[in-house]
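Please keep the sequence and the structure in view while reading.

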Amino acid sequence: GIVDKADEHECFYSDGAKQINKKLYHKYLFSDEELTKSVGKTQKIFQDLLPNLLDEKCEGEWSKHSLFAMVREYVFKASVAPLISEYIATNQDVEAFRTFDKDIPLMFAEAPAFLTKKATHAREKLLENISNDKFMETGSELTSERKALINSNQAFIRSTLGVLFASVGNSTPAVFWTLYHIIADENALRAIRAEVDGIVKARSGTNAHEEPFALEELDKMVLTKSAFTEALRLYHGAFTTREVSTDFVFDPKKPGQSKYLIQKGTRIMAFAATLHHDPDLFHDNLTYKYDRFAPKMDKDGNVKPPEFSKNGKLISEPTRFFGGGAHLCPGRKFISYEMQALVAVLLIRFDMKLVASSDESPPQIDYSSQGVGVSHPDRDPTIMVRLRT
């Protein structure tokens, strides 16, 4: 759905691709210097978009917005402009990506073309925009360095679509679920707003609330990050798929369970949600708890990270949202900072609440999108927004 088989080697396995994974992503997505730049640009974009939430004709009144649509626009523009290119950070590209993203599961499954006609057209529109000379003229440093390392122009264009999908495909629903649950839970909203307010009050200067958040400040937002982690725990629905390269024997090492011969060429699929929803690991496992992953104070008054155990054994890695090993998501720090920044700027500037409706239940998982990444909602809830009083 993203990269043609003819370009697959150049995009993922060539020397240039290895250089991109080893050096460029580490440089631009992990170093504090580059993250400070990109997260700063992200917050500038958020600040530019925020006035659109208010009705100029009714100052001080509530205005209605579709939460998922709002998050989609904000996350798309605030991710694409600093990481890829300002040229495709437009409303038209947001809409094209929405149409493309909707049928990604079908395209990955190689469904018949008549089922993905709209998505294919939207994909071609995105590829056309990436091919435009203005794309490189307004491209990020990461984009420029990626292009220099990829020999084939077609492979660069196709792989850039992959970077686009990786940048916003999962972060959009992840940020949506985080914001939805914060707004829906008065205790969460109150606690996280107090956390953000405390950080702003610790600043000096008359316009402290208008300054962008530094990475050090975002690192202090432990409740905000916990709320994000809890959203991923409940809604991360990706299958990790691997093809076995050599025969091996799988031993479950459990009483009464047999060993299994796994032959070369077998396709194995792991579903991390079985871990994330384990009732032995997570108490009240189907309930969203915004502070589940926040540091806790022990009986001696010491603040410690939360611990998770099963059958008496401490589990050091209770969640696996971003893969592992060579396939560990390189953008995990950026999306976490981006989410925290968006939540923070919204909470210090606006009051928000869900529109109460007797005939609407809370949004559930849209299972048509299950298996690729973070699950989408089956409906887009309406929120009310006004300047904070």
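For a chain of 389 residues, a compact globule would have a radius of gyration near 21 Å, and because the protein chain has 22 Å, the two values agree; this radius is taken over C-alpha atoms, and the globule rule is 2.2 Å times the number of residues to the power 0.38. The model is a predicted one, in which local features need pLDDT of at least 70 and side-chain atom pairs count only at pLDDT 80 or more, while totals for chains, interfaces and linings use all residues. Residues are numbered from 1 along each chain as its sequence is written, and side-chain values use heavy atoms, with hydrogens and water left out.

Along its principal axes, the C-alpha trace spans about 65 × 60 × 45 Å. The secondary structure of the chain comes to 16 helices and 11 strands, where helices (H or I, at least four residues) and strands (E, at least two) are DSSP runs numbered from the N terminus. Among the contacts (heavy atoms within 4.5 Å) with a separation of 6 or more, 73% are between residues 24 or more positions apart.

Of the 389 residues, 46% count as buried, meaning under 20% relative accessible area, with exposed meaning over 50% and partly exposed in between (1.4 Å probe, protein chains only). In soluble globular proteins, nonpolar side chains tend to be buried together. Here the largest nonpolar core has 98 residues, and those with the most contacts inside it are Met 70, Leu 164, Leu 179, Phe 213 and Leu 346. Helix H16 (residues 332–349) contributes the largest share of this core, 12 residues. Such a core is a set of buried Ala, Val, Leu, Ile, Met, Phe, Trp, Tyr and Cys residues joined through side-chain atoms within 4.5 Å. When residues up to four places away in sequence are not counted, Leu 179 touches Leu 67, Met 70, Val 71, Leu 342, Val 343 and Leu 346.

The structure also holds one cavity of 30 Å³ or more, and the largest cavity has a volume of about 100 Å³. On a 1 Å grid over the protein atoms alone, a cavity is a set of points where a 1.4 Å probe fits but cannot get out, a pocket is an open set with protein on both sides within 12 Å along at least five of seven lines, and lining residues have an atom within 4 Å of a point. Helix H5 (91–102) and helix H6 (104–108) each supply at least two residues of the lining of the largest cavity, and the lining residues include Asp 101, Lys 102, Ile 104 and Pro 105.

The second largest pocket holds about 610 Å³ of space. Of the 26 residues that line this pocket, Lys 225, Thr 229, Thr 319, Phe 321 and Phe 322 are the closest to its centre. Helix H16 gives the most to the lining of the second largest pocket, with five residues.

Ser 38 lies in helix H3 (residues 32–49) and counts as buried because its relative accessibility is 5%; leaving aside neighbours within four places in sequence, Ser 38 is in contact with Pro 82, Leu 83 and Phe 334. Ser 144, in helix H9 (residues 141–149), is partly exposed, with a relative accessible area of 35%.

Note on methods: Points joined across faces, edges and corners; volume = space filled by probe spheres on them.
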